[in-house]
Number of protein chains: 6
Amino acid sequence: MAEHIFTEDTRRKLLTVSTATLTTIMFKRGFRNCFIGGIHPLNPEHARMVGPAYTLRYIPAREDLDQLKVFEDRAHPQRKGVEECPPGHVMVIDSRKDRAAASAGDILVTRLWKRAAAGIVTDGGFRDSADIAKLPFPAFHAGPSAPTNLIRHHAVDLNVPIGCGDVAVYPGDIIVSDTDGAVVIPRALADHVADEAVEQTLFETFVQERVMAGDGIFGLYPPSPEARQTFRIWREGRGEA
Amino acid sequence: MAEHIFTEDTRRKLLTVSTATLTTIMFKRGFRNCFIGGIHPLNPEHARMVGPAYTLRYIPAREDLDQLKVFEDRAHPQRKGVEECPPGHVMVIDSRKDRAAASAGDILVTRLWKRAAAGIVTDGGFRDSADIAKLPFPAFHAGPSAPTNLIRHHAVDLNVPIGCGDVAVYPGDIIVSDTDGAVVIPRALADHVADEAVEQTLFETFVQERVMAGDGIFGLYPPSPEARQTFRIWREGRGEA
Amino acid sequence: MAEHIFTEDTRRKLLTVSTATLTTIMFKRGFRNCFIGGIHPLNPEHARMVGPAYTLRYIPAREDLDQLKVFEDRAHPQRKGVEECPPGHVMVIDSRKDRAAASAGDILVTRLWKRAAAGIVTDGGFRDSADIAKLPFPAFHAGPSAPTNLIRHHAVDLNVPIGCGDVAVYPGDIIVSDTDGAVVIPRALADHVADEAVEQTLFETFVQERVMAGDGIFGLYPPSPEARQTFRIWREGRGEA
Amino acid sequence: MAEHIFTEDTRRKLLTVSTATLTTIMFKRGFRNCFIGGIHPLNPEHARMVGPAYTLRYIPAREDLDQLKVFEDRAHPQRKGVEECPPGHVMVIDSRKDRAAASAGDILVTRLWKRAAAGIVTDGGFRDSADIAKLPFPAFHAGPSAPTNLIRHHAVDLNVPIGCGDVAVYPGDIIVSDTDGAVVIPRALADHVADEAVEQTLFETFVQERVMAGDGIFGLYPPSPEARQTFRIWREGRGEA
Amino acid sequence: MAEHIFTEDTRRKLLTVSTATLTTIMFKRGFRNCFIGGIHPLNPEHARMVGPAYTLRYIPAREDLDQLKVFEDRAHPQRKGVEECPPGHVMVIDSRKDRAAASAGDILVTRLWKRAAAGIVTDGGFRDSADIAKLPFPAFHAGPSAPTNLIRHHAVDLNVPIGCGDVAVYPGDIIVSDTDGAVVIPRALADHVADEAVEQTLFETFVQERVMAGDGIFGLYPPSPEARQTFRIWREGRGEA
Amino acid sequence: MAEHIFTEDTRRKLLTVSTATLTTIMFKRGFRNCFIGGIHPLNPEHARMVGPAYTLRYIPAREDLDQLKVFEDRAHPQRKGVEECPPGHVMVIDSRKDRAAASAGDILVTRLWKRAAAGIVTDGGFRDSADIAKLPFPAFHAGPSAPTNLIRHHAVDLNVPIGCGDVAVYPGDIIVSDTDGAVVIPRALADHVADEAVEQTLFETFVQERVMAGDGIFGLYPPSPEARQTFRIWREGRGEA
């Protein structure tokens, strides 16, 4: 799938739509399991994130292998990943939904941010969560976890297909997040999904305005032919074709 | 139980007492399982809510039945419920504690608010949670969930007895919430429970004042005869009989 | 272990270091299971707490024994504990990770605060959580729970070894917390752990500065001989030996 | 869907196929969530069961309503259901996956068997499990549970759509079980699914014979054109068209 | 409660009744939470057990304290308990429902059996489960667990009140088990509960006979005045007053 | 680690010792997390299995990729693994502890057996569990699961490091099982662990004989110098040096 180019135009569109809208559009295409739930942004002000997935796979730790000295090895996948995750990408970590030890801490997350990554997601937990929460950087986890990752996690692979929060994530898949959680979109579908999501968002903005104005939802959401016509007029009034 | 009138006086009293106080009063009457826990208000500024329950029952979705077109049907229980929930009532949704898909989203919740419902509770999750959190409307869930409800939930019934968060909820039961969660009070008991709760709250305000002033809890909480007398004087001083 | 004195110097040092740093130092000494996770501070502004553990043990409630009248008994462990927990100590409650009923409420927590306890931790939940959150007092739980503790908990012992959040807590163990959760340090190790943690924190402050300045983590974290030298110079520049 | 006749021919076919085969055939038709897992037969000798669903819905118990006297009421849904479940039907109970109290006990299950029901399924537990296990009657649960159902369950409805083990069950759906668990087949699909399952079972019998004879699975499972031809010959040899 | 004598007569009666019957009788006395569920007998042929509780309390292990050498100490509560549990008593272990390490193994269980204990219960797991299953000795657990208990459990107390499977167990409480699990009966109630259970069992034997003979449950279970009369006659016919 | 030869002598020794004994010996070497629990043999008569691990990794399924046609690809890791797992090896599957769909079924397991694999382990579930249970082949799972693996699992890798039941499994690690579950032993340690386990087993056989003869455990288990001497004599009497 790597041959599909992820364009700046698509990235910008995806930044304007919600994960709720995206999961509905994915559902229409037959995708029922593309939402990483049970996670939340450490900093709710920085919940929106869009970028291709760069993955890190953990397996359970083993006492003889997972000692502090492993971090001295530049090939250690966690450390290597932090230095090699391409700018604009989202690091996605398979922590097997285990937050008994940290997936990463503030120094590594800060480094990722400085290297212009788009964000980081784990289905485990981060340590130094209060410090990470102060960064202007989207970071999602299931909840804080202070212990060093060596207690439970062994970093084993970079950029292989993984599971994160019970969802398949392939390297290069497009990750989009907001306060609800994160959606995983196969790269080849990203352009079309983004277009349809922008369209649907525009319609839902119209619906929300009507509901705020006191309209009921019957005939509006989903729309009757009349509501479609009203929407078209509203849309033209906004100058959006 | 529908014959019991839920008075404005009782509603106002219940708005001033905590769910902690109410569960204790219910416990004295033999009710051990009347608290819906594991949920929280999306907007902590709007955590207090009182009103009779109007229920919505979900069962698991089935792939052939639960497609987007179902929302075009005005008899679809989720949509119908949003338009028919009486003003002042609390919509309570049995989502089987499953937040793998949304129980509802911001448009429906906004409509409920516009229709003057008292609030909404699910033991699952809402989508568009950041937008719902901006409404001045009490909404409680277990956590955000972006996917459309069709992925996991099939709306099947309105206003039948349900379970919500492992608690029985009968239509018309009085729902009272605060930051801790929500209490379910059988309608026939609401007046007496409200009276006793107001009384108990007054006493606990007194106790809290004494504790803040440095008193110990022995002989105060629960009160000795002397403490009861002090309370009576304090109470008269406040002009509350 | 009670013979080890917990000094004010050690207390002050521990107030400046994170639970992430402490768990790493404990790991180096062979302790893999010393972090109470799955809890959070009710008031994030008051997440830092240091003090010796004073424990309270709950077992499941029994319907005939656990009635409201038990609180009239001054020997009731929950009430007695609140009046006897020594100043500077942290009350740690073994609630068997069960938040179906409250471990304590605002009156008792307020009393503990007035009595100059250092904080309170339960692996269950507190009631009146919004009121407790307003106190300038570190209080940690798994989540709110309104029902009176009598519904699920029977207070049975004070100051015996317990489990809290799957971690062993012996009376007098030193409890240190921040936003991530709480670490349990055997009293005999506290001085050495505190010293090493202060040292490690200083180094991590240096690392974080370098990372903020754009340095990569290779050769820095963990440090190469050159980085160690740079650190020594940086440190002298700060006037910290 | 009630208009579809469930024929004896289809029933007999379904008795000869496995739930594994059926879930694959359902998957080909787009059904991903039709298997009630996490349950097992009390008597493995009587694991096979086929019949239309007759449902019983439980909600959580309420202390004032759910007292022993309720069983004196002939309209009590649990008791009524046991006397009215049609012969050949499978009673399916929505116990909300809660086995903290029994869904039913040996007397009611014996009565169902005497009334010629096809079997019984709960996603909770049965009491008197050793006695039920002695009956020549298919009974499935998640595990034993001695307490009377009044402690946790309130029987509220008969023959309405329910969830059982996270699967939707509509009255009249065809339930088929074996040692793995139970499959729910919409009635309208039963004939076609049964035919295809018989076909697939025949093919898998052939495959299993070949594998037992030492063949590899490549080109056999799934079959190459050659393997299809070999199958056809094998089949004719058995006299099965 | 230790002053109540547990008579051989009561013991014999309790051996003839089911945990299902006992939980119902306890429910009539207001006890809703007296059943230890989620456990099963390792040897179903030896599921029936009656005796006073002798308790062992585990807390989580700590790496420095829980090393193999601890077993050399004759005061180690696990080893001491096995040698001191009185004949006829049931050892009940609070393993915090954690079966990640063993509560005990075949040597200790064999020793308990040789010392004429009545049985053993843990809410964790036993190691050497196949060997224990061969003993003619009632042993209940949640499932097998090979690792030495030192990995997760620290034996801390003997014969104090504990929780086992979310149920309170006080030393001397009467434990009664069958295939469904185990019931905990406060010692002071044992005689009366046993008498009523024998009575109820006799009635249910009659009911079961009638159901096997083809009778319906209405008017039989619970009994109408006519059914009560029939029962009296049946009972006299059996020579049981 | 692949350079260590796994000898027939070691294999034979490991077949005679229990997982309980092995986990204790591993604990003495610092390994606390080497036991795959929560699984059981489908056929308890065939619970003992020893062999090097050959791994299969699943990630969550994706609707567009995981369709029935994938099985036609000879490179599909599940099918390829079944044909390539070396004789004497144990196939170990990382199913992320998810038994909502099958890890494999009877045809593939039969093929593995015919190909002389030593056994198969999944932390998920098998379909056709009754048929697999009839094979004289060690197969372990968490419980049955009928749905085709495509519903939840995507086979992605063969013979890479995985997690199984929260334990790290590296290709070539030695897997040893009995009724309690399975132990994972790093290949380089297998010889020494096997020797020590045989020794320990001999001692425990002696202890068990003494306990059956009526001895207490003090001074026996662990042994006093006298008991060690008695053991030496007993051992010589058996002709085992």
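**Close-up views of a predicted model**

**View 1. Contact between chains E and C.** In this predicted model, 19 residues of chain E are in contact with 19 residues of chain C. On the side of chain E that touches chain C, two or more residues are given by each of the strands β3 (49-60), β9 (153-158), β10 (162-164) and β11 (167-169) of chain E. By residue class, this side of chain E divides into 9 nonpolar, 4 polar and 6 charged residues.

**View 2. Contact between chains B and A.** Here 27 residues of chain B are in contact with 26 residues of chain A. The side of chain B that touches chain A draws at least two residues from each of the helices α3 (77-84), α4 (106-114) and α5 (129-132) of chain B. Of these elements, α4(B) provides the largest share, 5 residues. The residues on this side of chain B comprise 13 nonpolar, 5 polar and 9 charged.

**View 3. Ile233(E) and its surroundings.** Ile233(E) is located in helix α7 of chain E, which spans residues 225-237. Ile233(E) counts as exposed because 9 C-beta neighbours lie inside 10 Å, and a residue is classed as exposed if 12 or fewer other C-beta atoms lie within that distance of its own.

**View 4. Separation of Ile233(E) and Ala61(E).** Along the chain, Ile233(E) and Ala61(E) are 172 residues apart.

How values were computed
Residues are numbered from 1 along each chain as its sequence is written. Chains are lettered from A and ligands numbered from 1 in the order in which they are written. This is a predicted model: local features need pLDDT of at least 70, side-chain atom pairs count only at pLDDT 80 or more; totals for chains, interfaces and linings use all residues. Helices (H or I, at least four residues) and strands (E, at least two) are DSSP runs, numbered from the N terminus. A residue is buried if 20 or more other C-beta atoms lie within 10 Å of its own, exposed if 12 or fewer, and partly exposed in between; C-beta atoms are placed from the backbone. Two residues are in contact if their C-beta atoms, placed from the backbone, lie within 7 Å. Ala, Val, Leu, Ile, Met, Phe, Trp, Tyr, Cys and Pro count as nonpolar, Asp, Glu, Lys and Arg as charged, and the others, Gly among them, as polar.
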